[in-house]
Amino acid sequence: TTGLFDRFAGVFHAFARLRERIVKALRDGRPREAEALLLTPRHDSLPTLLAKLLGPEPTPAPETAPSGPDWALRYVTLLTARQVLQAVMSAEDPDVAEFAARHKVRLRELLGRVSHLKQITDHVELGTRREKREFLEWFEKAFLAEAAAEARE
C-alpha cells in the first residue's frame, strides 16, 4: 500500500519535474509549452490541478468535513505549487525572468489562489489552534525558503 510519506514524495517529485519542464522549455525557446504547463487550463496544467483542489464548490466547514491525511496531502500539494510559482516569479535565469515578467498578472493570480490556505488548513489536525498556527507559520516559512534559495541559483 502507499503510505502518506510515499504520497508526499510523489507530490514533491511531480512538482520538481514540472519546474524542470518549465525551465527547460523556456531555455529551449518554447515559451508556449511553459505557458501550457503553468497557465492554461489543460488536463496536465497547474490551473487544472488548482481547480480540482480548491473549487469551484466551497470547501466544507471543519465541523462537517472529515480530517486526516487527505487534507494534509492537499495542503502540501498547494504549498508545493506555491513554491514552484514563487521560484518562477523570482528566478534570476533570464529566460524564466522574461517569462515571469510577461505573465506577471496571471502568475500573481495563481499565487493568490495558493497563498491563502486557511480553507485547507482548517481541516488539518495539529493539536491546539495555537500549536497549529505556530507550526504552520514555521513550516511554510521553512518550506518556501527553499524556493527562494533555488531561484537565486
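**Notebook: a helical chain, residue by residue**

I started with Arg82, which is buried, with a relative accessible area of 13%. Buried means under 20% relative accessible area, exposed means over 50%, and partly exposed lies in between, with a 1.4 Å probe and protein chains only. I was looking at a predicted model, in which local features need pLDDT of at least 70, side-chain atom pairs count only at pLDDT 80 or more, and totals for chains, interfaces and linings use all residues. Residues are numbered from 1 along each chain as its sequence is written, and side-chain values use heavy atoms, with hydrogens and water left out.

**Entry 1: around Arg82**

I placed Arg82 in helix α4. Helices are DSSP runs of H or I with at least four residues, strands are runs of E with at least two, and both are numbered from the N terminus. Which residues does Arg82 contact, leaving aside its neighbours within four places in sequence? I found Leu111, Val114, Ser115, Glu140 and Leu144. Contact means heavy atoms within 4.5 Å.

Next I looked up Gly112, in helix α6. Gly112 is partly exposed, with a relative accessible area of 33%. Gly112 and Arg82 are 30 residues apart in sequence, and their C-alpha atoms are 8.9 Å apart in space.

**Entry 2: the whole chain**

I counted elements. The chain has eight helices and zero strands. From the N terminus on, the order reads α-α-α-α-α-α-α-α.

The chain has 153 residues, and 41% of them count as buried. It exposes about 9200 Å², and carbon and sulfur atoms supply 56% of that area. Such areas come from the Shrake-Rupley method with a 1.4 Å probe; for residues, only the protein chains shown count as cover.

I also checked sequence separation. Among contacts with a separation of 6 or more, 72% join residues 24 or more positions apart.

**Entry 3: the core**

I turned to the largest nonpolar core, which has 41 residues. Such a core is a set of buried Ala, Val, Leu, Ile, Met, Phe, Trp, Tyr and Cys residues joined through side-chain atoms within 4.5 Å. Leu38, Leu50, Leu78 and Leu85 touch the most other members. At least two residues each come from α1 (4-27), α2 (31-38), α3 (46-54), α4 (69-89), α5 (94-102), α6 (104-115) and α8 (129-152). Which helix gives the most to this core? I found α4, with eleven residues. In soluble globular proteins, nonpolar side chains tend to be buried together.

I followed one core member further. Leu50 touches Gly55, Leu78, Ala81, Leu110, Arg113 and Val114, not counting residues up to four places away in sequence.

I checked how α1 and α5 pack. Their angle is about 100 degrees, and their axes are 8 Å apart. Axes are lines fitted to C-alpha atoms, for helices over the stretch in contact, and angles run from 0 to 180 degrees between N-to-C directions. So α1 is roughly perpendicular to α5. Angles of 65 to 115 degrees count as roughly perpendicular, under 35 as roughly parallel, over 145 as roughly antiparallel and the rest as oblique. Val23, Leu26 and Arg27 of α1 meet Asp95, Val96 and Phe99 of α5.

Arg21 also lies in helix α1. Arg21 is partly exposed, with a relative accessible area of 35%. Arg21 touches Leu37 and Asp44, not counting residues up to four places away in sequence.

**Entry 4: Thr121**

I found Thr121 in helix α7, residues 118-121. Is Thr121 buried or exposed? It is buried, with a relative accessible area of 10%. Thr121 touches Tyr75, Lys132 and Leu136, leaving out residues up to four places away in sequence.

**Entry 5: confidence**

Last, I read the pLDDT, the predictor's confidence in each residue, from 0 to 100. The chain's mean is 83, and 86% of its residues reach 70 or more. Confidence is lowest in α8, at a mean of 78, and highest in α5, at 96. Over residues 57-68, pLDDT stays under 50. Where pLDDT is low, the predicted coordinates should not be read in detail.
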